[in-house]
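Subject: Structure for you to look at

Hello,

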Amino acid sequence: MAYSDKVLDHYENPRNVGSFQAEDSDVGTGMVGAPACGDVMKLQIKVNEAGVIEDAKFKTYGCGSAIASSSLVTEMLKGKTLDQAMDIKNTHIAEELALPPVKIHCSVLAEDAIRAAITDYRSKNLMEAEGYNACKSAA
Amino acid sequence: MAEFNQNHFALFGLPEQFALDSTSLDQNYRRLQSEVHPDRFASASPHERLHSLQIATQVNDAYATLKNPTARARYLLQLQGVDTQEESNTAMPADFLMLQMEWREAIAEASEAEDIPALEHLLKTIRLEAKVLQEQLHIALDENKALHEASAAVRKLAFIDKVRADIEQAIIKLED
């Protein structure tokens, strides 16, 4: 199957491969997997005090599209607030990479990884999206 | 002659359960195959020939489904109206996914080092893991009717089947 240039670029030069310390309180880790193809994706975000994602890293085992989807997502996440990050949809990823229909599930996996990482970060910090500012101004 | 569109278990005269009498399955498969073999319909009407061909196809599909434990469990769940969500459910337990990552790393390393014994060792571990899950499926499907749990086990087995196939391929590649 022919990959788009963007997929090839991310696949051959993946951005932000690696990991953070999962135990750190400013790190959120999302691990997801797609049974149908056996792909596994670990996505981590590093969130600063203002609630903005300053860095993201990934490790993915799977096809070129899965690797490209996670690589792209780490770039998209940087500089976004958690709420903005929650708005990233698999369709954005699929469009950006021009994924064919059979590879859409790779972008779904990446979207699920973002959500899982944010959920992990929030549950670790017991911080609701809206509650955060209230806490900050009260402090 | 066998009836078209029977459920796979009924086709082979087997009970609808995960535990399988594979001797019966194999025997009934061979019997059905010879019953619907195209050679027997050489002088039959076009309609009958088509019908026998359809049944032969179903017999083969049904056999492949029942023979493979993962496919058999998936099919049993499907008969109960449960979708195993292998396309859509990505929320696997974190420790299971970590293990998948570790296995993938080990395969990559062993392939790189052309270390066939290491791959074979890993294959053994993974086969054992599959056995454990199949035992869980047997209990969940045949005894507890725990469909949700069975569905989760099928998703895990889908990963394990994939890893297993990849290791087998890596070994074949190195042996060439």
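A residue is called buried when its relative accessible area is under 20%, exposed when it is over 50%, and partly exposed in between (1.4 Å probe, protein chains only). By that rule, 46% of the 139 residues of chain A are buried, while in chain B the buried part is 39% of 176 residues.

Two remarks on conventions. This is a predicted model, in which local features need pLDDT of at least 70 and side-chain atom pairs count only at pLDDT 80 or more, whereas totals for chains, interfaces and linings use all residues. Residues are numbered from 1 along each chain as its sequence is written, chains are lettered from A in the order in which they are written, and side-chain values use heavy atoms, without hydrogens and water.

Chain A

Helices (H or I, at least four residues) and strands (E, at least two) are DSSP runs, numbered from the N terminus. Chain A has six helices and three strands, in the order α-β-β-β-α-α-α-α-α from the N terminus. Its accessible surface is about 6400 Å², with 51% of that on carbon and sulfur atoms; such areas come from the Shrake-Rupley method with a 1.4 Å probe, and for residues only the protein chains shown count as cover. A contact means heavy atoms within 4.5 Å. Of the contacts in chain A with a separation of 6 or more, 62% are between residues 24 or more positions apart.

Chain B

Chain B has seven helices and zero strands. Its C-alpha trace spans about 60 × 45 × 30 Å along the principal axes. The accessible surface of chain B is about 9900 Å², 49% of it on carbon and sulfur atoms. For contacts in chain B with a separation of 6 or more, the share from residues 24 or more positions apart is 73%.

One helix pair

How are α5(B) and α7(B) arranged? Helix α5 (residues 94–112) and helix α7 (residues 147–175) of chain B pack at about 5°, with their axes 11 Å apart. Axes are lines fitted to C-alpha atoms, for helices over the stretch in contact, and angles run from 0 to 180 degrees between N-to-C directions. The two helices are therefore roughly parallel, a term for angles under 35 degrees. Residues of α5(B) in this contact include Phe96(B), Trp103(B) and Ile107(B), and those of α7(B) include Phe159(B), Val163(B) and Asp166(B).

Regards

Conventions
Angles under 35 degrees count as roughly parallel, over 145 as roughly antiparallel, 65 to 115 as roughly perpendicular and the rest as oblique.
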